[in-house]
Amino acid sequence: MTTPDSPPRALVVDDNRPLAEDLAEILALAGYDVRVFDDPREALARAGDLEFDFALLDVRMPHMDGVALHAELCKGHPRARFILMTAYSEDDRIAEALAAGVRHVLNKPVPLDELLRTMEALRCELRS
Amino acid sequence: MEYDFLEEVARYVGFRDEHARILAELKPSLEPAFDGIVERFYAAIMASPDALAVFTGGLAQIERQKSLLAGWLHGVLSGRYDAEYVRMRARIGRTHVRIKLDQRYVLGGMSLVREGLHDALSAALAREPALAAQLAGTKLALARRAIDKICDIELAIMMQTYAEDYAARTRDIERLATLGQLAGFIGHELRNPLAVMETSLHLLRKRLPEGDEAVTRHTKKLGEQLAMCGSIISSLLELARDRPLERSPVHVRPLIEQALENLILPTGVVLSQEIDPQLPEEARVDAKQLRQLIVNLISNAIDALVATEGARRIVIGAAREGDALLITVDDSGGGIAEDFRARLFQPLATTRQKGLGLGLALCRRIVEKHGGDIRAQPGPLGGARFEARFPGAYAS
């Protein structure tokens with residue numbers, strides 16, 4: 001778990017590789033230690049070995065959507081905070097995710113200020 | 001509606017040349033009764049609150065309609081039933097459709113006309129011995145049959161305009177749905193590449209040397225244009241999202257304020273509100289959809305003012321009408337061209353350089369989902385007036 005000295009750790013999963021990489025870079029510049037995946041199955045397979053405080057997941061991905069991935073990931077990482085990103089109007093799926101504990105949902109194109117602000121707020125929450 | 005339609009109906013009801021001829025012969029004798037028929041017709045309307053309700057222009061409109069009805073009666077007995085006749089009759093029928101006169105009143109009205117013409121013939125026979133002599137024997141039966149048949153034809157034409165309107169509306173709804181699907185697809189698919197452009201721009205800005213004015217100017221432009229793409233996509237997605245109606249108690253005044261907040265008024269355009277002070281605080285409508293309707297109607301009014309010289313005014317109004325909420329938007333623009341009026345609320349119909357022509361189609365979808373209607377007519381500011389009615393907004 002994050003201590004005041006270690007950088008917060010974030011997981012970014014989006015099948016849109018260029019976007020996943022950009023977001024990872026933006027978070028790294030903001031002081032996060034980031035791991036990035038463009039395949040949700042790979043993220044899930046590696047999750048057991050990974051420690052992370054935040055996960056930023058795309059909703060619509062091949063093989064497994066972000067809502068299902070959240071359900072799996074939060075089993076082994078109950079304290080992690082999850083944020084979803086979506087390019088689609090998937091109200092029902094989003095409602096399910098929020099009910100299951102996802103903290104925030106962002107529409108694409110991702111409003112970066114809002115993303116960083118939200119992550120910061122969640123980080124304060126984790127510290128307390 | 002085509003002349004073929006008339007030919008087909010005439011054949012079906014057995015209306016022949018001899019019927020046309022005798023109607024033309026009867027006309028001078030029946031004409032004196034036309035005013036009486038018109039008065040009985042409108043007395044029946046005045047006695048029916050529902051029928052009267054469609055005449056929103058009050059007594060002045062009724063007076064105009066009376067003279068139109070008298071003119072129409074002349075047409076019934078003109079003896080000339082050609083393509084021009086069909087065109088004129090269809091136009092009257094479409095007026096009924098436009099003012100949303102329920103079909104039962106058309107049926108009732110035609111019944112009064114039929115009865116009036118038969119009575120007029122009886123009176124003329126009693127009054128004019130020459131006519132009585134002319135119509136002796138089987139000819140009287142032919143005359144009466146001709147009256148019945150032409151009334152049947154008139155009714156068929158009027159009902160056909162309702163059928164054509166229904167078909168056109170169904171087509172419009174399907175068109176809007178197809179456009180919505182397409183807009184949704186395009187909108188969603190564009191969001192991903194747009195997201196990459198935004199994040200890349202963000203990163204680029206962080207790495208660019210500071211102090212280069214040209215670089216700052218260009219990255220700023222890129223950012224602005226990307227934001228514009230984002231907002232176009234949001235409007236496309238709004239079209240795609242045909243949300244089910246969610247009525248809740250809505251405070252109309254603040255909702256209008258909110259809707260106006262994000263609108264950018266061009267210089268010189270003055271927007272004012274005329275909200276009935278007696279307007280009840282809460283209306284039961286779908287808040288999001290009402291806001292969307294207001295934004296679309298005002299945007300439409302702004303566009304109408306672009307080419308207007310002189311005073312450029314928009315007035316948004318809200319009032320209660322029975323149990324309905326009435327939203328009005330008036331502008332001082334150039335008004336609506338008569339030939340465009342019928343297509344005004346159709347998807348993709350536009351006379352403007354800018355925009356897709358979806359705003360008013362969406363307005364109609366919103367109002368109709370509430371069980372209401374939307375109309376456009378010449379307004380008090382010299383331009384157009386749009387009236388959207390939301391029935392049941394104040395139902396107890």
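Q: What kind of link joins the side chains of A:Lys108 and A:Asp14?
A: Start with the idea. Side chains of opposite charge can pair when their charged atoms come close. Now the case, in a model that is predicted. A:Lys108 and A:Asp14 meet through their side chains in a salt bridge, at 2.9 Å from N to O.

Q: Which parts of chain A does this pair tie together?
A: Look up where each partner sits. A:Lys108 is in the loop between strand 5 (104–107) and helix 5 (112–127), and A:Asp14 is in the loop between strand 1 (9–13) and helix 1 (17–29), so the bridge ties together parts 94 residues apart in sequence.

Q: Are A:Lys108 and A:Asp14 buried or exposed?
A: Both A:Lys108 and A:Asp14 are buried.

Q: Is A:His63 buried or exposed?
A: Read the relative accessibility. The cut-off for exposed is over 50%. A:His63 has 57%, so it counts as exposed.

Q: Where does A:Pro78 lie?
A: Find the elements on either side. A:Pro78 is in the loop between helix 3 (66–76) and strand 4 (81–86) of chain A. With 68% relative accessibility, A:Pro78 counts as exposed. Sequence separation is another thing to check. A:Pro78 and A:Asp53 are 25 residues apart along the chain, and their C-alpha atoms are separated by 9.6 Å.

Q: How do I read a salt bridge within one helix? Which helix holds A:Glu120 and A:Arg123?
A: Check the spacing along the helix. Both residues lie in helix 5 of chain A, three residues apart, or about one turn of the helix. A:Glu120 forms a salt bridge with A:Arg123, and their closest N and O atoms are 3.6 Å apart. A:Glu120 is partly exposed at 33% relative accessible area, whereas A:Arg123 is buried at 18%.

Q: How far apart in helix 10 of chain B are B:Lys220 and B:Glu224?
A: They are four residues apart in helix 10 (residues 213–240), which means a separation of about one helical turn. B:Lys220 is partly exposed, with 49% relative accessible area. B:Glu224, at 39% relative accessibility, is also partly exposed.

Q: Which residues do salt bridges with shared partners join into one network?
A: Follow the partners from bridge to bridge. The network holds B:Glu321, B:Asp330, B:Asp373, B:Arg375, B:Arg385, B:Glu387 and B:Arg389.

Q: Now surface patches. Which residues gather in the patch of negative charge?
A: Look for like charges on the surface. B:Glu2, B:Asp4, B:Glu7 and B:Glu8 gather there. B:Glu2 is in the segment before helix 1 (3–13) of chain B. B:Glu2 is exposed, at 56% relative accessible area.

Q: Which residues form the nonpolar patch?
A: B:Leu182, B:Phe185, B:Ile186 and B:Leu190 form this surface patch, and together they have about 380 Å² of accessible area. B:Leu182 is in helix 9 (residues 138–207) of chain B. B:Leu182 is partly exposed, with 48% relative accessible area.

Q: Step back. In what order do the elements of chain A run?
A: Read from the N terminus on: β-α-β-α-β-α-β-α-β-α. That is five helices and five strands. Buried residues make up 50% of its 128 residues. Chain A exposes about 5800 Å², with 50% of that supplied by carbon and sulfur atoms.

Q: How many helices and strands does chain B have?
A: Chain B has 14 helices and seven strands. Of its 396 residues, 44% count as buried. Chain B exposes about 20700 Å², and carbon and sulfur atoms supply 55% of that area.

Methods:
Residues are numbered from 1 along each chain as its sequence is written. Chains are lettered from A and ligands numbered from 1 in the order in which they are written. This is a predicted model: local features need pLDDT of at least 70, side-chain atom pairs count only at pLDDT 80 or more; totals for chains, interfaces and linings use all residues. Side-chain values use heavy atoms; hydrogens and water are left out. Helices (H or I, at least four residues) and strands (E, at least two) are DSSP runs, numbered from the N terminus. Buried means under 20% relative accessible area, exposed over 50%, partly exposed in between (1.4 Å probe, protein chains only). Accessible areas come from the Shrake-Rupley method with a 1.4 Å probe; for residues, only the protein chains shown count as cover. Patches are made of residues with over 30% relative accessible area and no salt bridge: like charges are joined within 9 Å, nonpolar side chains (Val, Leu, Ile, Met, Phe, Trp, Tyr) within 5 Å. A salt bridge is a side-chain nitrogen of Lys or Arg within 4 Å of a carboxyl oxygen of Asp or Glu. Lys and Arg count as positive and Asp and Glu as negative; His and the chain ends are not counted. The place of a charge is taken as NZ of Lys, CZ of Arg, CG of Asp or CD of Glu.
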